[in-house]
Amino acid sequence: MSTKSQQSQTNRGRIRIEGFDAEAVEKRDPLSAWQPELETKEAKSRTYYAWRRFKRNRLALFGAVIVTAMVLLTVFARPWGLPEWIPYLGGATVQPFSLAAQDPATQDILVGYQPPTVEHLLNWPPSTLHIFGTDWAGRDLFARTIYGGRYSLSIGFIAVGVALLVGVPLGSIAGYYGGYVDEFIMRIVDMLYAFPFIVLAIAVITILGRGYWEIVLALIVVGWLSYARIIRGEILSVKQNEYVTAAKALGARDRSIIIKHIMPNAMAPVIVQATLSVGTVVLTAAALGFLGLGLSPATAEWGVMLNVEQDSMARGNWWAGLFPGLALFFFVMAINLIGDGVRDAFDPQGDKKGSGGFR
Amino acid sequence: MSLQRFILKRGLITIPLLIGVSIMTFGMIHFIPGDPVDFITQFADLDPEVEDEIRSQYGLDQPVYIQYFNWMSDAIILDFGNAITTNRTVGAEIGDRLPYTLLMGSMAFLVTVVTAIPLGIYAAYHRNTRIDQVSRVFALLGVALPNFWLGLILILLFSSYLGLFPVLPPTGEGLLSWDMIRYTILPAVTIGTGATALMMRLMRSSMVEELDKDYVRTARAKGLPEKTVIRKHVVRNSLISVVTVAAIQVAFIISGSVVVEVVFSYPGIGRLLVERVQTRDFPVIQALVLIIGVFVIFANMLADIIYAYLDPRIRY
């Protein structure tokens, strides 16, 4: 039926182009800059259908709920102010809420006991006063746990974001141009790949020293490799497609071919890998903290807390290390659930190798 | 291509990789802001003459590429000079610790292979049933568990509460004494958990793929007992890809051992690395990073060769 109506509209033997109003082009004023609005049906549908499949995946939604809840908990853990060095606005409060009753650095002394002694609230098991208990210095573990998420979560998201910005362009260039450029970039990737994830991160920390931005940089150095490798492999296969040849024949610039035609078709595996590696990066950051190569020992970062409390735990104070570890575990698990969901959404027929983002 | 030629070709590819890794490891010390002499002397105030003496003693007054060749020609015969903090040779320091890490690594590898392969086969055989779902959930938990936290929990449960394992490593015992092996069980299980989770799912997906192939239907059609079909045909073929991944798991186990050795105060090279990063003992750090890098490269090469041996198709 549709063929009949098409035949009535177009001449026989002509190719009919869907989503393109030929009449509007013919009727336009040739001197005006007006362009017909093209329906970008195909480009929209890919992410649209992926999102629809993702929404139906209950496990992935469960993961998304956990991650959202944890992000909200860390954001609202303590009030948030602008740093002092900003002129005029310095010190102003952005976020006034405070979910944790105590400051994560306050050492609690139980008043009312006669005489009040510090010992009372050191290594105190969970109670109504401190629902997660207190640590060796009498600091509230609930406050420290939710506040600690600020370090781990922000390190994870920033490091993965910047690593994408480094790895994707380099991998695309290597894959698209091939030849010496490809050889050069990929040999560097191969060499860095010879070192296990955490060993390379430790080596970078050795060079840079410790601190928040040093950890982020170390994880970027480690993280961009896998994105570069994956996008290069994808681009090698995508660039064989006829539409890329067509775009080249039409005289499109390399940059616009890569960004407009190749990237949208090659990004799916990179997005999956990036999602999964948020978990890996957070784990590695915590591991560095645990090894004493991360933030300073007083910081309420999950890995650092576990490092400080490990002796206390071996003596039987289970609560000291349970909660930071649980927080880490739930976050990584939720990220893996989301990652698996994203993979299934982009590639419903693909085999599910549950790699969890590790290599 | 014969297997010999494949091995030769694969070996030749490895050489530039090894050179690159050695240059990177050597370059590490030159990326550090500041003068290498300050790190050797631990920032002591010295006369310029003494500083120059140290500089020439360590060859730091020569051009960088000569320094690299000197360092590399020593490194090939495993001579990495003296450790800064202890004044023993780096070779002796690492030689003391390496057997322990090898013991723990091989035990972790054993734990992984012994648990992951049967569980993966079981899950694949019962695919899309409740059993498969349970194995998927366990894999998910195993991958997400931070290994250092799992180690602490295991110490708390089995050493502090139940008293089944000692809390501290035995001292003065030999490497293969019962006390040492017993102490190594918990760290090996800790590392093995994550590795098992990964390998179990891989075994499952590899076997699910094989189960759908035509030769399985043929074997069943000619009336072979199900046991024979699975054991002689399906498992053998699906093990091929798992064997190669098992070799690549070496990197995963090394990563794990660095962290887990610190949890268990285990006298291996992982803890040595962390200790020396804290005291900035660069000769030891460089030697360890180089050894680990070379080890992983050879593990990958071995994986490729085993794969080529088991599946002749990929030699071409």
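B:Arg280 sits in the loop between H11 and helix H12 (282–310) of chain B, where helices are DSSP runs of H or I with at least four residues, strands are runs of E with at least two, and both are numbered from the N terminus. B:Arg280 has a positive phi of about 55° although it is not a glycine. In this predicted model, local features need pLDDT of at least 70 and side-chain atom pairs count only at pLDDT 80 or more, while totals for chains, interfaces and linings use all residues. Residues are numbered from 1 along each chain as its sequence is written, and chains are lettered from A and ligands numbered from 1 in the order in which they are written.

A second residue of chain B, B:Ser265, also has a positive phi, of about 45°, and is not a glycine; B:Ser265 belongs to the loop between helix H10 (226–263) and helix H11 (269–279) of chain B. For context, most residues other than glycine have a negative phi. In chain A, H5(A) is followed by A:Gly178, whose phi is positive, near 65°.

| Residue | Class | Other C-beta atoms within 10 Å |
|---|---|---|
| B:Arg280 | partly exposed | 18 C-beta atoms |
| B:Ser265 | partly exposed | 13 C-beta atoms |
| A:Thr245 | exposed | 11 C-beta atoms |

A:Thr245 is part of helix H9 (residues 242–249) of chain A, and its C-alpha lies 9.7 Å from that of A:Ile257, a residue 12 places away in sequence.

Chain B as a whole comprises 12 helices and 0 strands, and its C-alpha atoms fill a box of roughly 85 × 60 × 35 Å along the principal axes. Of its 316 residues, 37% count as buried. Among contacts in chain B between residues at least 6 apart in sequence, 73% join residues at least 24 apart, a contact being a pair whose C-beta atoms, placed from the backbone, lie within 7 Å.

Within chain B, the axes of helix H5 (residues 90–125) and helix H8 (residues 178–211) come within 6 Å and cross at roughly 35°, with axes fitted to C-alpha atoms over the stretch in contact and angles running from 0 to 180 degrees between N-to-C directions. The contact of H5(B) with H8(B) has 22 nonpolar, 6 polar and 1 charged residues, where Ala, Val, Leu, Ile, Met, Phe, Trp, Tyr, Cys and Pro count as nonpolar, Asp, Glu, Lys and Arg as charged, and the others, Gly among them, as polar.

Between the chains, the contact takes 42 residues from chain A and 42 residues from chain B. The elements giving two or more residues to the chain A side include helix H6 (179–193), helix H7 (197–208) and helix H13 (318–346) of chain A, and the residues of that side divide into 26 nonpolar, 10 polar and 6 charged. Leaving aside neighbours within four places in sequence, A:Val199 is in contact with B:Ile254, B:Ser255, B:Val258, B:Val289 and B:Ile292.

In H13(A), 24 of the 29 residues are buried, so this helix is largely enclosed by the rest of the structure. H5(A) is mostly covered as well, with 26 of its 37 residues buried.

Technical notes: Two residues are in contact if their C-beta atoms, placed from the backbone, lie within 7 Å. A residue is buried if 20 or more other C-beta atoms lie within 10 Å of its own, exposed if 12 or fewer, and partly exposed in between; C-beta atoms are placed from the backbone.
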